[in-house]
Amino acid sequence: MSDLVAGSDPETLGQGEDASAKSHEERKRPQSVLVVICTRRGDFLLLRRTRPAGFWQSVTGSLSPGETPRSAAAREVREETGILAGGGLVDMRRSTLFPIIPAWRRRYGPNICFNREYRFALVLDSQRFVRLNPREHQEYLWLPAREAAELTGSWTNRDAILDLAAVLG
């Protein structure tokens, strides 16, 4: 799960700076994936996070040590939705570098201030049942692109939805 999209950290939201710092082995890698899932008809999948309340997003997640962006994208789709991306995962060949907000930089190595987010898409023939991980998400919606873009709490997610919608026509 990525805690970086649009500079937010849903897993630690509400925790003070005194929360215990991660050891070197547990520090997050400042690279993540964003996977926009939609249907050919233009229905976009959004997931509502358990924390913070009301935060909607596409599939996101940090890369594990040694993991490629493509592998992370496939893993996160499976973990967050139960969908097997297989060969349908499309690398949009776009990434965004954005600042990690200061309150959550402690989760990363010393002097790590930016995250690189890699963008992927998964275009399905039709809507699918989504198996949510209840520790991460409470519900999901399939929405038209414009509504999904307005609902997401992340500017990078909004831009990715609108860009993919333009490609789909």
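Modeller: The buried residues of helix α3 pack against the strands β1 (31–39), β2 (43–49), β3 (56–57), β5 and β6, and also against helix α2 (145–151), where contact means heavy atoms within 4.5 Å. This is a predicted model, in which local features need pLDDT of at least 70 and side-chain atom pairs count only at pLDDT 80 or more, while totals for chains, interfaces and linings use all residues. Residues are numbered from 1 along each chain as its sequence is written, and side-chain values use heavy atoms, with hydrogens and water left out. Helices (H or I, at least four residues) and strands (E, at least two) are DSSP runs, numbered from the N terminus.

The residues of α3 that are buried are Thr156, Asn157, Ala160, Ile161 and Leu164; buried means under 20% relative accessible area, exposed over 50%, and partly exposed in between, with a 1.4 Å probe and protein chains only. Seen down the axis of α3, these buried residues fall within an arc of 135°, so they line one face of the helix, the arc being that of the directions from the helix axis to the C-beta atoms. The helix itself covers residues 155–168, and at 1.5 Å a residue its 14 residues should span 20 Å, which agrees with end C-alpha atoms that are 20 Å apart; the expected span is 1.5 Å times one less than the number of residues. After α3 comes Gly169, whose phi is positive, near 80°.

Among the strands that α3 packs against is β1, and 8 of the 9 residues of β1 are buried, so this strand is largely enclosed by the rest of the structure. Strand β1 runs parallel to β6, to which 9 bridges join it, and Ser32 has Glu117 in β6 as its bridge partner; two strands pair if DSSP finds at least two bridges between them. With β4, on the other hand, β1 runs antiparallel and is joined by 4 bridges, and there Leu34 has Thr60 as its bridge partner.

Leaving aside neighbours within four places in sequence, Glu67 is in contact with Arg29, Ser62, Ala72 and Arg75.

Strand β5 (residues 89–99), which α3 also packs against, contains Arg93. Although not a glycine, Arg93 has a positive phi near 55°, and Arg93 is exposed, with a relative accessible area of 72%.
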